[in-house]
Every structure is written in structure tokens, then in C-alpha cells.
Amino acid sequence: MPSQTHESTTRSPITLHRLRELHRSGEKLTMLTCYDATFARVLDEAGVEMLLVGDSLGMVLQGHSSTLPVTLEEMAYHVRAVAAGNKTAWIVGDLPFASYQQSPEQAMQSAATLMQAGAHMVKLEGGGWTTETVRFLSERGVPVCAHLGLTPQSVHALGGYRIQGQTDEAAATIRAHSKALFEAGAAMMVFELMPSELAAEITRLLPIPTIGIGAGVDCSGQVLVLHDMLGITRGKLPRFVKNFMEGYAGIDEAVSAYVAEVKTLSFPDNSIHGY
Ligand code: KIV
């Protein structure tokens with residue numbers, strides 16, 4: 001049964017303008033993955049600024065071993081659910097595998113599906129070939145979050161879930177891709193599983209927020225997979241994940257602790273590297 005036990009938040013809606021203000025002021029940004037209306041409400045009330053309807057739902061909710069089987073229709077279903085529960089957070093919807101690789105026009109169609117379902121921004125993986133697509137979407141009023149480092153939709157090409165950008169050449173490629181994606185109009189960038197020094201260096205150079213997951217404390221904000229940080233994911237977890245349920249009485253407290261620890265730079269711990 002829906003309950004009225006938590007007061008509705010009085011926060012004004014988080015807009016891109018507000019995210020930019022927070023970023024410029026040096027405040028760290030918080031993002032968590034979210035796939036349904038109930039959690040959308042919980043995370044929003046705890047002050048999480050961004051809800052990522054990630055294609056990680058393919059692993060977390062559907063039980064697949066990768067994100068590759070997730071379809072655009074499934075993403076739209078979950079974006080709609082999150083949008084129904086959310087009041088103020090900024091909703092980012094992942095463009096799933098094969099929904100944007102063919103052409104910028106295909107990406108625009110897919111972005112429209114997610115935005116009409118309630119997303120405020122779309123996220124797509126990769127650099128280089130994605131630059132023109134990011135430009136195409138941005139010019140047409142679609143806020144885009146790029147995603148570099150470990151890009152799970154390319155897991156088979158990458159040879160597994162491995163830390164990226166460790167050689168000079170790989171780091172230079174990530175640097176070049178970040179710059180090109182920013183110049184093409186990307187409004188935000190997720191950095192997944194890359195050396196914290198590299199993420200910190202690019203974060204200093206770019207005027208847009210970078211959101212890290214396994215990329216160190218010096219990114220402009222942090223994201224985690226919700227079920228990982230609530231300690232309910234079974235099996236091996238990446239080393240950078242922290243179980244925020246430890247020491248807290250319930251989910252509301254754990255999520256508030258995540259927000260507080262990101263804002264105060266207590267999470268993540270830069271001494272923890274790798275997967
Ligand atoms: O799909 C997802 O949850 C993501 C995060 C891991 C950044 O892309």
C-alpha cells in the first residue's frame with residue numbers, strides 16, 4: 001500500500017540549470033540507478049539529485065549476465081515507472097544496445113521514446129564514433145550524458161569488466177574522446193572504472209560535471225547501482241562498491257548516508273582500485 005509516512009519533499013525540481021549551478025559551486029552531485037516508482041520516491045525524498053534508469057536493469061532486474069539483451073521498449077517501461085514516482089529528481093535514461101549505433105537519426109528516435117516516457121536526459125556509451133550522434137541530439141534539444149571508461153555494452157569487445165585507461169595510449173584516447181564529446185554538446189559525462197588520476201585530470205579540464213563509478217573521489221559526482229549499495233546484489237561485487245545498509249536502520253537512512261558521504265567526499269575511497 002502506498003503510505004504517507006514520509007513528508008513530500010519541498011525541494012524544487014532539479015533542472016540542468018540547477019545541476020550546473022551546483023557543479024559550479026563545487027558541490028558534489030549524487031546519482032543512483034533507479035528502475036521503479038517506489039524507489040524513485042524514496043531516492044528523491046532522500047535528496048538524490050539524479051535517478052539513472054540504467055540498462056544495468058538487464059542484470060539487476062532481469063537476471064542477464066550483461067546489459068546487451070535490454071530493449072528500448074523495456075527501458076521506456078522503466079523510465080515511465082520512475083517518472084511516475086519521482087517528484088523533483090533529474091531522470092537520466094540509458095539508450096540500450098543497438099538503439100543508437102546505426103545513425104544519429106536512429107539515436108534521435110530512441111531518445112524521443114525515452115523522453116516521451118519521462119526522461120530528462122539520455123545517456124549513451126562510447127567515444128569517437130558517438131561524437132556526431134551527441135552533436136545531433138544536443139542540437140535538437142536532447143540533453144546528453146556521455147559514458148566513457150568501462151562501457152558495459154562493449155563488454156565482449158573489451159574482454160570483460162576491466163579497468164580502462166591504464167596505458168598512456170588508452171588514457172590519451174579517453175582524454176581526446178571526452179574533449180570531443182564536450183565540444184559536441186554533451187552536458188554530462190559518466191566515467192566508469194578508470195584510474196582516479198585520469199578522471200580527476202579530465203574533471204579539472206572540462207566545464208561539465210563528470211559522474212564517477214569506480215573512478216575516484218575527484219569526479220564532480222558519484223553514481224552507484226542501487227541494489228549494490230543496498231547490499232542485496234548476490235555474487236562478486238566491484239571493490240569500489242560500498243554497502244550503505246551496514247550501520248543504518250533501513251533504506252531511507254542508507255540512501256541519506258550515501259548522499260551525505262558523497263557530498264562530504266567521504267565516499268568513494270580513492271585507495272580502492274579495480275573491479
Ligand atoms: O546502467 C547503469 O547502471 C550504468 C551505471 C553503471 C553508470 O550505466
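Me: Hi! What should I know about the model before I start?
Reply: It is predicted, so local features need pLDDT of at least 70 and side-chain atom pairs count only at pLDDT 80 or more, while totals for chains, interfaces and linings use all residues. Residues are numbered from 1 along each chain as its sequence is written, and side-chain values use heavy atoms, with hydrogens and water left out.

Me: Thanks! Which order do the strands of the barrel follow?
Reply: Eight strands close into a barrel as S1-S2-S3-S4-S5-S6-S7-S8, with parallel pairing. From one strand to the next the twist averages 25°. Strands (E, at least two residues) and helices (H or I, at least four) are DSSP runs numbered from the N terminus, and two strands pair if DSSP finds at least two bridges between them.

Me: How many bridges link S5 and S6?
Reply: Five, joining S5 (residues 144-149) and S6 (residues 188-192) in the parallel sense. Among the bridge partners are Gly-149 and, in S6, Glu-192.

Me: And what does helix H6 lie across?
Reply: Helix H6 (residues 131-139) lies across S4 and S5, running at about 175° to S4. Axes are lines fitted to C-alpha atoms, for helices over the stretch in contact (heavy atoms within 4.5 Å). Angles run from 0 to 180 degrees between N-to-C directions.

Me: Switching to the ligand: which residues surround it?
Reply: Thr-33, Leu-52, Gly-54, Asp-55, Ser-56, Asp-94, Lys-123, His-147, Val-190, Glu-192 and Ile-213 do, each with a heavy atom within 4 Å of the ligand.

Me: Last one: where is the cis peptide bond?
Reply: It joins Phe-267 and Pro-268, with omega about 0°. Pro-268 sits in the segment after helix H11 (251-263). Most peptide bonds are trans.
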